[in-house]
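Please examine the sequence and the structure shown below.

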Amino acid sequence: EAMEIINPLDGLVTNFEVLVLLQQKSKLKSPQPAFDTERQVTRYLDQISPSFITDRDLKQMNYALDQYEFTKAEQLQFYNLRPKTAVEVSLIVEECEERLDDQQVDELLYELNKDRTEPKERKERPPKDKASKEEVAQ
């Protein structure tokens, strides 16, 4: 039997929003245990997502992105990747050289990153094998 989409959404969902949803779901007392894929996705997103993002950061990003005509997909990539360099912007924006000049890229980066909330330091994971430990010791 094929799955049917009952209530489609028009909006795109950021990695951070998916992570928050999965974390909230895992806190609920549910008779069904979380699927292994949910746990894997949660771990992955926790590693790559800016868990330090604040409402102020989102408002700042919204303001900065609204100044330009980016596609929804490009906006999503800005939220997920939070670029810090012109190279990263050029990888996100299709035909970037034609759509944005160097000054616009610099202004965009400034707006996206000014007063940016920085992440809490994450603990480094210990090396998995002896060879890795030896490399770290050198």
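Predicted model: local features only at pLDDT ≥ 70, side-chain atom pairs only at ≥ 80, totals over all residues.

Residues are numbered from 1 along each chain as its sequence is written, and side-chain values use heavy atoms, with hydrogens and water left out.

Helix α1 (residues 15-27) and helix α2 (residues 36-48) cross at roughly 130°, and their axes come within 9 Å. Helices here are DSSP runs (H or I, at least four residues), numbered from the N terminus. Axes are lines fitted to C-alpha atoms over the stretch in contact, and angles run from 0 to 180 degrees between N-to-C directions. Where heavy atoms within 4.5 Å count as contact, residues including V18, L19 and L22 in α1 meet residues of α2, among them V41, T42 and L45.

Side chains of opposite charge can pair when their charged atoms come close. A salt bridge requires a side-chain nitrogen of Lys or Arg within 4 Å of a carboxyl oxygen of Asp or Glu. K25 and E38 form one through their side chains, at 2.7 Å from N to O. This pair joins α1 to α2 across 13 residues.

Another salt bridge, also given as 2.7 Å from N to O, pairs E74 with R99. E74 belongs to helix α4 and R99 to helix α6 (residues 96-99). E74 is buried at 4% relative accessible area, whereas R99 is partly exposed at 31%; buried means under 20%, exposed over 50% and partly exposed in between, with a 1.4 Å probe and protein chains only.

Methods:
Helix = DSSP H or I, 4+ residues; strand = E, 2+ residues; numbered from the N terminus.
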